[in-house]
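Here are a few notes from my pass through this one. Have a look at the structure first, then the points below.

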Amino acid sequence: MLPPSQTLFRSGESILKQKDKHTSSYLQLIRGNRAFRHLWAGQVISLTGDWFNLIASAALIATLTQSGTAIGGLFVVRMVAPFLVSPIAGVIADRYNRKAIVITTDALRCFVVLAFVLVREPQHVWLIYVLTAVQSASQGFYFPAWNAMLPDITAPHELGIANAISSATWSVMLAFGAALGGLVSGVIGVYPAFVIDAATFILSALIISRMPYQSTLDRASDLSMTAGIRQYIDGLRYLRRHVDTFSIAIQKATLGFCVIGFFQVAQVTIAEQHFPIGEGGSITMGLIYVMAGIGSGLSPILGRNWARDRDRRLRLMIALGYVCSALGFLVCSSLISLPVVLIGALLRGVGGGLIWVLGTQLLLQIVPNEVRGRVFSTEFALYTLFAAVSSGGTGRLIDTSLGVSGVLALGALLLLIPTTLWLAWIYFGKRDLIATQAA
């Protein structure tokens, strides 16, 4: 820290130089690392289509059913399917070529999302759930392999930058894809959105197929189911032995239960019933996602610039994420106007971005390569399970006298629990040895 005698000008100059340094390192990684550039480009294309699909399917089911429980059921299916495949997905990510897994799941999802155009009448709603289950199950294989591959194609000093770029990209494409998807769904209709989504998966697979990649894994000689189960159990034992690592991995599950599960169902109801613009409130839904995307895109970059990838500071920023999420819930619960709801969505996005991205950064720094896929798949499984439970419960609560406003206020109150527990662990918990060395 500069002594008090230093001028404000010098402080500002130092900050600007530091920002220029970070900006330069981001651009340098994209330009200089061909493997990461291809993986990142595929992510940009694929995520754009993802938000088209989410808004279109949510708007379609809201229009056909007019039921909060049905909307909650959609998000339950989106979360339960990856949870069910996670034991297999983590083992596969640690045994087979991760690039091939990503390409295969992209190709599969292309054909699945095309089938959404068959849903035309209320009696076809069951097909939405089936197709969503298959699509989400494939994502259960995609994300652990994608996350585990990131350290394979970057140098140690590039890893934090790569994680920041990929996380910011997720948020930017959430904002851009949600806005575009909401516009397309609201003006042209939901069915063109499904076709666009299918095309993005094929394009993503083609881009990633050109990525130079050499697997760093030693392929297991025993490929039996028994060996796979044993390998997955070994991954769980690793988390049991490393309590501090598990405490970080559980943060996404907490985020899913206390934040994502509540808000993703509530925002559909807000868009469709309170401030409807476009078919099924799809344009309103797109605007809410845009604000959440902006918040979740900016907050991890600013948080990481302050934390400098230091263990303790990263953990404190996660705690701040819970506080921001609670504030976002309170603002949205007022339902004063759409602009006020959008401000709440922005705060919710800031909080979620800090928890998700900086939690991932901590795991990337401390988890060894040989168990990385299983740790990430377990983390994602816990997230999807808890978000599914929360989504189902939120859908039913919205249909009661609480309504969407009461549900969001309840969510804000609930967030006091993980905030307190996480702060207690930061100050009194015992760190894993590897985590301490990485701090």
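1. Start with helix α9: 26 of its 32 residues are buried, so the rest of the structure largely encloses it. Bear in mind that this is a predicted model. The helix covers residues 243-274 and reaches 44 Å from first C-alpha to last, close to the 46 Å expected at 1.5 Å a residue. There is also a kink in α9 of about 45°, centred on G256.

2. Helix α10 (residues 282-307) passes the length check too: its 26 residues should span 38 Å, and the end C-alpha atoms are 37 Å apart, which agrees.

3. On to the rings: a search of the whole structure turns up 7 aromatic pairs. One of them, Y142 with F143, is edge-to-face, at 5.3 Å centre to centre and 90° between the planes. Y142 is buried at 5% relative accessibility, while F143 is partly exposed at 23%.

4. F263 and F329 are stacked, 5.9 Å centre to centre with 20° between the planes. F263 sits in α9 and F329 in α11 (residues 311-333), so this pair ties together parts 66 residues apart in sequence. Both count as buried, F263 at 2% relative accessibility and F329 at 0%.

5. Two charged ends sit over Trp rings: K252 over W356, 4.8 Å from the ring centre, and R313 over W306, 4.6 Å from the centre.

6. Last, A205 in helix α7 (residues 190-209). A205 is buried, at 8% relative accessible area, and touches I103 and D106, leaving aside residues up to four places away in sequence.

How values were computed:
Residues are numbered from 1 along each chain as its sequence is written. This is a predicted model: local features need pLDDT of at least 70, side-chain atom pairs count only at pLDDT 80 or more; totals for chains, interfaces and linings use all residues. Side-chain values use heavy atoms; hydrogens and water are left out. Helices (H or I, at least four residues) and strands (E, at least two) are DSSP runs, numbered from the N terminus. The expected span of a helix is 1.5 Å times one less than its number of residues. The bend at a residue is the angle between axes fitted to the seven residues ending there and the seven starting there. Buried means under 20% relative accessible area, exposed over 50%, partly exposed in between (1.4 Å probe, protein chains only). Contact means heavy atoms within 4.5 Å. Rings of Phe, Tyr and Trp (its six-membered ring) pair if their centres lie within 6.5 Å; planes under 30 degrees apart count as stacked, over 60 as edge-to-face and the rest as tilted. A charge sits over a ring if NZ of Lys or CZ of Arg is within 6 Å of the ring centre and within 35 degrees of the ring normal.
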